[in-house]
Amino acid sequence: MKNVMEKIRGGMHIIKLKLFKKYAPLEINIHITDKCNLKCTYCYSNFYKRKCEDISRQDIFRIVDAFKELGVLEVSLIGGEPFLHPHIADIINYVKDKKLSCSTVTNGYFLEHCIDAVKRLNMVCVSVDGPMGVNDITRGDGSYERAIAALELLKNNGVNRSVRATIQKHNVNNIDEIFDIAVRYDAILNFGLLFPQSSEDGKVKTVSKDTPGDADLRKALSKIIELKKKHPTRFFNSITNLKNARDWPPPYTRFFLYEDELKEFPDFRPIPCYGGRTFATIDTDGRLYPCTNLIGYYDAPNVLKMDVKEAWFNIADHKCRACFYLSSVEKNLVSSMNFDAIRNIIKIGHVR
Ligand code: SF4
């Protein structure tokens, strides 16, 4: 019943947006901490090296209040490792007491310490990149076992869970094994693709050395599409989204296309971007970006230094027009009321 109500609220939200052309946030991602106990080699912001201060509990409450007034439906708490924020349980409880959907992405090491708050989460995405010998190459020794223990814990406590697998050169041929892990823990499978990686000072973006070759990535995406067709409710990503990624026209080292770059690919039909219109991301330093992929690309308004609503109304006007990031594109599809994406969400019953 709770899920049905959430879907109705989400649907009304999008219809309002379409009718009144009002940019109301559906989902806000908040990087609440840079701290991380792991050192994944492909980490897109090198969070464990940056060492920004955590966003304080009071600031997070203020941000959540402002977005709630703007109409947000879901708050996603991310990091770093969000469970290293000293007030993570209070933050989850605050979001839930506001009657908002709350999800998180975690490496799974610290869930046990605040299991009561964890049980209130609508979705916990646990990062697992494949079987132990593959996962631990990039995520570190012992990280597979801890992620699997977290999935077990979530399963035993009846918490909605997903396996979040980032496709990179070490696991690009392990799609079947990743699928088996999700089945074993009755988790939704949520694939991610690599983001550009920031230098330590955040000023330079580079291509991760873990980036797979284009042909391998396309093959993996074709495999995922094949599995999705057979097991539609096991995968978070819709087929339209997966095909957009598989058929991305430039090399995958071109992470997104600006308006003026689209003319290079006249046959490509980009999925309209709603970044900064129906979703956004707050970096740990307080900057509000249209989406996670644009972190560090420009001097974004800072919600720790200005009114949150003022910042929100200043991020929609960007020139980024197309990308292949599965999590962002899914939101773009839902916001544009794409039939396949809406049907997918109704079938799987979760927005993340
Ligand atoms: S097209 Fe939109 S969602 Fe994709 S990277 Fe650009 S701003 Fe983000």
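Strand 12 gives the largest share of the shell around the ligand, 4 residues; strands here are DSSP runs of E with at least two residues, helices are runs of H or I with at least four, and both are numbered from the N terminus. Keep in mind that this is a predicted model, where local features need pLDDT of at least 70, side-chain atom pairs count only at pLDDT 80 or more, and totals for chains, interfaces and linings use all residues. Residues are numbered from 1 along each chain as its sequence is written.

Let's stay with the ligand. Of the 14 residues around it, the nearest are Cys-273, Gly-275, Cys-291, Cys-320 and Cys-323 (a residue is near if its C-beta atom, placed from the backbone, lies within 6 Å). Two elements, strand 12 (320-323) and helix 12 (326-335), each give two or more residues to this shell. Sorted by type, the shell holds 9 nonpolar, 4 polar and 1 charged. Nonpolar means Ala, Val, Leu, Ile, Met, Phe, Trp, Tyr, Cys and Pro; charged means Asp, Glu, Lys and Arg; the others, Gly among them, are polar.

Now for Arg-139, which sits in helix 6 (residues 132-139). Is Arg-139 buried or exposed? Arg-139 counts as buried because 25 other C-beta atoms lie within 10 Å; the cut-offs are 20 or more for buried, 12 or fewer for exposed, and partly exposed in between, with C-beta atoms placed from the backbone. Setting aside residues up to four places away in sequence, Arg-139 touches Leu-38, Cys-40, Ser-127 and Asp-129 (contact means C-beta atoms, placed from the backbone, within 7 Å). From Arg-139 to Lys-209 is 70 residues in sequence and 14 Å in space, C-alpha to C-alpha.

Key. Two residues are in contact if their C-beta atoms, placed from the backbone, lie within 7 Å.
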